[in-house]
Amino acid sequence: MTTLPSQIDTYNFIMLFPTSNVEDGFNCWDAFSTKSNTHDGGGDSQSLAGLTTLVMEQYGVDANKVFTIGASSGAMEANVLAATYPDIFRAAISYSGVPAGCWLGAQSSTPFAADQSCPLGSKASTYSASQWASLVKQAYPGYSGGYPKMMIVHGTADFAVTVNNLGAQLAQWSTIEGVSFAQNVSNTPVTNWKKIVYGDGTKVVGYEVQGGGHIPPFQLGITLSWFGFTK
């Protein structure tokens, strides 16, 4: 998906490529269990956070420059990490994902899960912004600090994870960040991509890809900019 490895030497950063356990024949992260949707709950999110902090300690990583990015199941887990470990991750990017907590109540978080109300948009069509935000808050009870800035990318022709999950993620994180919709910008960063800006665009932005399927083409420029490597 990503061309970020080609930029490691230029911008001097470390990348981790963890792999999930096989579930229903897919290497999908646990975005469904209460364990994984709870800070230090013992699920995949805690394992990923632990791996991240280990590398931070070993290599003296700047705590203000720790980010997560993912596509499909990885994007779903990026949302989960943003909710469960906002004290570790400073920014997140989701390509074809769902809101944090969306899979709660299902028995798995794969395309073969019996309950597809999350990825196929039933929850996205019925949950309010405050309901989505409450799922973030319950992921880390008692936490009062800031949350990662969020960039959400989704294609309008995604039939695996429907595009109304774009709006649901934007509703969730704009509520958490306390920012309101500001403007749409057409053909940004490329043709058929619409940038959806909240507030001043520094905390929450979305990209709706007209005609884009599951996992739209990776955009290096806006990724480097979102993570603060370029302006």
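**Entry 1: two helices side by side**

Are α3 and α6 roughly parallel or roughly perpendicular to each other? I noted first that this is a predicted model, in which local features need pLDDT of at least 70, side-chain atom pairs count only at pLDDT 80 or more, and totals for chains, interfaces and linings use all residues. Residues are numbered from 1 along each chain as its sequence is written, and side-chain values use heavy atoms, with hydrogens and water left out.

I then read off the pair: α3 (residues 73-84) and α6 (residues 164-177) pack at an angle of about 15°, and their axes are 13 Å apart. They are therefore roughly parallel to each other. For the record, angles under 35 degrees count as roughly parallel, over 145 as roughly antiparallel, 65 to 115 as roughly perpendicular and the rest as oblique. Axes are lines fitted to C-alpha atoms, for helices over the stretch in contact, and angles run from 0 to 180 degrees between N-to-C directions. Helices (H or I, at least four residues) and strands (E, at least two) are DSSP runs, numbered from the N terminus.

I looked up who touches whom, with contact meaning heavy atoms within 4.5 Å. Asn-79, Ala-82 and Ala-83 of α3 make the contact with Gln-169, Gln-172 and Trp-173 of α6. By class, I logged three nonpolar, three polar and no charged residues there. In this scheme Ala, Val, Leu, Ile, Met, Phe, Trp, Tyr, Cys and Pro count as nonpolar, Asp, Glu, Lys and Arg as charged, and the others, Gly among them, as polar.

How many of the twelve residues of α3 are buried? I found twelve of the twelve, so α3 is largely enclosed by the rest of the structure. Buried means under 20% relative accessible area, exposed over 50%, and partly exposed in between (1.4 Å probe, protein chains only). Glu-77 and Asn-79 are among the buried residues. The buried residues of α3 pack against several elements, including α2 (44-59), β1 (67-71) and β3 (149-155).

**Entry 2: α5 meets α6**

Next I turned to α5 and α6, whose axes come within 8 Å and cross at roughly 65°. These two are therefore roughly perpendicular to each other. I listed Trp-132, Val-136 and Lys-137 among the α5 residues in this contact, and Ala-168, Trp-173 and Ile-176 among those of α6. The contact has nine nonpolar, two polar and one charged residues.

**Entry 3: loop stops**

I checked Leu-16, in the loop between α1 (8-11) and α2. Leu-16 is partly exposed, with a relative accessible area of 35%. Leaving out residues up to four places away in sequence, Leu-16 touches Leu-51, Thr-52 and Val-55.

Which peptide bond is cis, with omega near 5°? I found that it runs from Thr-188 to Pro-189, and Pro-189 lies in the loop between β4 (181-185) and β5 (193-198). Asn-187 sits in the loop between β4 and β5 too, and has a positive phi near 50° without being a glycine. Asn-187 is partly exposed at 48% relative accessible area.

My last stop was Ile-215, in the loop between β6 (204-209) and α7 (220-226). Ile-215 has a positive phi of about 65°, although it is not a glycine, and counts as partly exposed at 34% relative accessibility.
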